Amino acid sequence: MLAALIAAAIRRCGAVVAAALVLCLYAGWQLAHTGLDIFPEFAPKQVVIHTEAPGLTAEQVERRLTQPIEAALGGLLGLTALRSESIAGLSVVTVQFDDQTDLYRARQQVSERLASLALPPGASPPVQVPLASSSATILTFGLTGADLMRLRDWVDWTLVPRLRAVPGVADVNVFGEGRRQLQIQPDPERLIRFGLGLNALLSQLEQALSRHGLGFIETPNQRLELLLELDRDLPKRLGRLALVSASGVLTLDQVARIHWAPAPAISAAQIQGERGLQLMVIGQYGADTLTVSRAVEAALAEFAPLLAKQGIRLHLPLFRPADYIERALSNLGAHLLVGAGLVVAVLYAFLFDCKSALVSALAIPLSLLTAAWVLVAFGVKLNLMVLGGLAIALGEVADDAIIDVENIFRRLKENQTLPRPRPRAQVVLEASLEVRSSVVYASFIVALAFLPLLTLEGVAGRLFAPLGWAYIAAILASLGVALTVTPALGFLLLAKGQSAPSPLACWLQARYAAGSAWILRHPSVSLAVAWLACLAALASLPQFRGRFLPNLREGHFIVHTTSLPGTSLEASLHLGKQLTQAFLDLPQVISVAQWAGRAERGADTYGSHYSEYEVRLKPLSGKEQQQTLNALKQILNRFPGLTFEANTFLVERVDETLSGYPAPIVIHLYGPDLAELDRLAQRVAELIRPLPGVDAVRIRAQSSWPQLRIEPRVEALTLWGVSPAALGKVLAACYQGWPLGETYQGNRSFPIALILPPKRRATPAALDELPIQTPSGTLLPLKQLAAIRQTEGRYNVLHRSAQRVQTVTVSASGDTDRLLSRIKREVQRQIDFPPGYYPEFTGAAVEQGQARRALIANALLAGGGGLILIYLALGSLRHTLLTLVNLPFALAGGVAAAWLQGGVLSLGSLVGFVTLFGITVRNAIMLITHYRHLVEHQGLPWNQTTAVQGALDRLPAVLMTALVTALAMLPIALASDNPGREIMGPMAGIVVGGLMSSTCLTLLLLPQLMLRFGRFPSQKRNC
């Protein structure tokens, strides 16, 4: 069938070339209109549920909200994990499903379960957070330069709705103060003077401000709707509202101030040290970052003239993930140009013919464009991993064409020396068929070597599977090109095969003939040196450090800081100004923005003691970015009592996806009693901190949160006829605001709330004197009805699988794999866990170990399939086993390359080792099949002369394929610490090193091994 395909391509060469050109143009047009993302969707399919319950403590939220929600969600189809966090006033439950689950159906299941759930009074209905992409953040920017309340109005009612209308935007989180309220701020001293309690004031205001539909009047001719107008000049009207007190009728403005004021803030932000608002644009599930980012920037550009007139400064961007994509594209584009240039140079140097080099080089764009188009057609989204797979395949896709072109060119030259040259179509066909077996089987073996990538599970599988698909698609596309387009172009362009011999090839063949003769005379020495190199490489493997992913050079860092529990927003911002100035003093830093607390609709559960800093850098190399990170950490270490973490965004998102926290090692401690869990966590943390390689250890569920505990005096409440609920309602109104209704300005609505003035809310002593009115009209201070004392409570309560859990996270700069093993040993050896308590180790280090074991196991299976293909290609079990000698020598070169790149093995490095098998056996197959052709078809005896002649015949092709593959990957390998190359660089370096060492084996030692152990039938066999 393949012979017929090649023959048809030669007969219809014009049509084949025209079809290839049309395919290239169409694929290029399609790809130009395709979006591009950073990574594939690496997060598991999950649903996040928010439930607000203002005024409840973390323990109350756990018992009254989180536990009922977790119970309702148990048993969902496809459920794989359930975790939650309860903080004061908020429950966040995350439900994870397996990869085969339809996410929209899962959300429907969750909605059905939650619809029948009965929650306590005062709790808002559970809300599912908008579905977002794995990387989530599309763009972060800031606004400063105006009154915060006026700025927040414009953001909430104009900017955010416009940005949500941009295709691909899921939500916009706003950090900062200034949410406008019409506040009624009572004066407790005036209330006491007029004999009116806060509870009585609240009750009368609720009655006065309640709104109802009024109906209509039906006349014989028309219907008139009734409208009670309250919103016009509402503050003044509210001031004249009548109240009934013990001293008679009074107006509201006699006991309270009514004015527009900001609501109590749960977050604050500053940009370059100036108070403002910070907005984080969240991308939809499946949206590509680059397209959405540019659309959001276009929408913001519409507002630029308006912002300038109003004196509002737009800080854009503070964080832009698309920058990393664009820099990575630029770097990969430069790599493709450099690699393609090197490939063309190598081809010309060996073939010494422009047309032959052109035919071989054309396989690169044809194969890569075809592969990318096929991937997009099958629903694979383009991202940096897909582009990385295509970039790594750059050298490989030309190999099949090189083998074919070199053989066609050589056979055409030989044909010209015959007395009666045969038809060139027949020569081209026979030359293509001669290498058909090695080309087809070698391509399938290379593709098979990447199959283990497609079997990885979890985050590793979601990240690396697109790379594997892209590489396999490129290899198969190159095979198709080699079987169709290359013979057609060879027939059209290499008509006579006339060209002067390549000086480089002649020089190399002469040196190789002399060197191979010496090696054949001294087999023991060469084999001993080779095996010593292999043993040294194997012995050094345990010394490598391990990481799940290498450091990504995104040109941006996220710095998390945590102050003492209970630190106020103002204190966090004061500290933030000092840190911001210190960061800006670094010459590499462009901008610094800080937000503290949490956004209203955000998925985070941070308190006022927590801050996050967006540190944007100038364009820097990978080494310079690492130096900047070290400088940031040195600055942070100068602030005592400050716990911090600093990392790049994508590495942090991967860590959070793996364990829920931005740390590579996470230890979960399970058990029923929170105090015992705290004790065990402290013990684990003390055990880990002194270990070498540990940067920071944090206990995530904090138990020292300052509280004012108000305990009702039951006897006093009973005596005066006041209920505990009335006390709770008054306290909620005074300190967080009690909603009394809404007022409208055009299409904007603003809440009306009763709340104490800011100065009184900031004074704990004022709590004692709050006036409470009894049913008999007596005013009593709160301290007579309740005992008030300062205590400590929990900031948050964590659950995993509906069990209480305390979590310890470990940030490490060294070998996380080895550190995790030591932590496990120390914890299990030195800590005695009571019955019902046990640890669980998770994080990137655990995922790396699981992925490594799965990759090796699947690689062994793929290796078995590769051996079958090699046997089919060679037709001899003896020869098949001889090709396996490549493996230790390829491993030696890969190990040497890994040491040159820093001695760190990431998951990408492991992929490089696994794929070496398929890449390095190609040349061995090509050489052995040529030996068989010489013996079986040309009738040469199998001896040293034939072995040297066959090696000399294949020397240009072997060196060309090896050099083309190596030089195409070399730019990635040499600059692996730069944007876009961090994951593929270690892989490319290992492949280059392994290819070099295995090529030396193929050319220098394989002929010797074939002479000693190879066998060929003496009779001529037809293929």
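Guide: Keep in mind that the model is predicted.

Visitor: How many bridges join S29 to S30, and do the strands run parallel or antiparallel?

Guide: The general idea comes before the case. Strands of a sheet pair through backbone hydrogen bonds, either parallel or antiparallel. Here S29 (residues 796-800) and S30 run antiparallel, joined by three bridges. To locate the pairing, find Leu-798, which stands opposite Val-805 in S30.

Visitor: Which residue of S30 does Tyr-670 stand opposite?

Guide: Tyr-670 also faces Val-805 in S30. Tyr-670 belongs to strand S21 (residues 665-670), which pairs with S30 in the antiparallel sense over six bridges. Strand S22 (residues 694-699) pairs with S30 as well, antiparallel and over five bridges; in this case Ala-696 stands opposite Ser-811.

Visitor: Is S30 mostly covered or mostly open?

Guide: In a regular strand the side chains alternate between the two faces of the sheet. S30 spans residues 803-812 and is mostly covered, with nine of its ten residues buried.

Visitor: What is the strand order in the open sheet of four strands?

Guide: The order is S12-S7-S25-S24, and the pairing is mixed. Strands S12 (256-262) and S24 (738-745) are the edges, each pairing on one side only. From one strand to the next the twist averages 25°. S24 and S25 (residues 748-754) run antiparallel, with seven bridges between them; Pro-739 has Ala-753 of S25 as its bridge partner.

Visitor: Which helix packs on that sheet?

Guide: Helix H5 (residues 148-164) does, touching S7 (180-186), S12 and S25. The direction of H5 makes about 130° with that of S25.

Visitor: Which residues touch the most other members of the largest nonpolar core?

Guide: In soluble globular proteins, nonpolar side chains tend to be buried together. In this model the largest such core has 164 residues, and Phe-39, Leu-463, Phe-464 and Phe-548 touch the most other members. A second, separate core has 38 residues, including Leu-202, Leu-205, Leu-209 and Leu-238.

Visitor: What is Phe-548 in contact with, leaving aside its neighbours within four places in sequence?

Guide: Among the contacts of Phe-548 are Val-459, Ala-460, Leu-463, Val-654, Leu-658, Ala-844 and Leu-907. The list also includes Glu-847, Gln-848 and Ser-906.

Notes: Residues numbered from 1 in each chain as written. Predicted model: local features only at pLDDT ≥ 70, side-chain atom pairs only at ≥ 80, totals over all residues. Heavy atoms only, no water. Buried < 20%, exposed > 50% of the residue type's maximum accessible area, 1.4 Å probe, protein only. Helix = DSSP H or I, 4+ residues; strand = E, 2+ residues; numbered from the N terminus. Pairing = 2+ DSSP bridges. Core = buried A, V, L, I, M, F, W, Y, C linked by side-chain atoms within 4.5 Å. Contact = heavy atoms within 4.5 Å. Axes fitted to C-alpha atoms, helices over the stretch in contact; angles between N-to-C directions.
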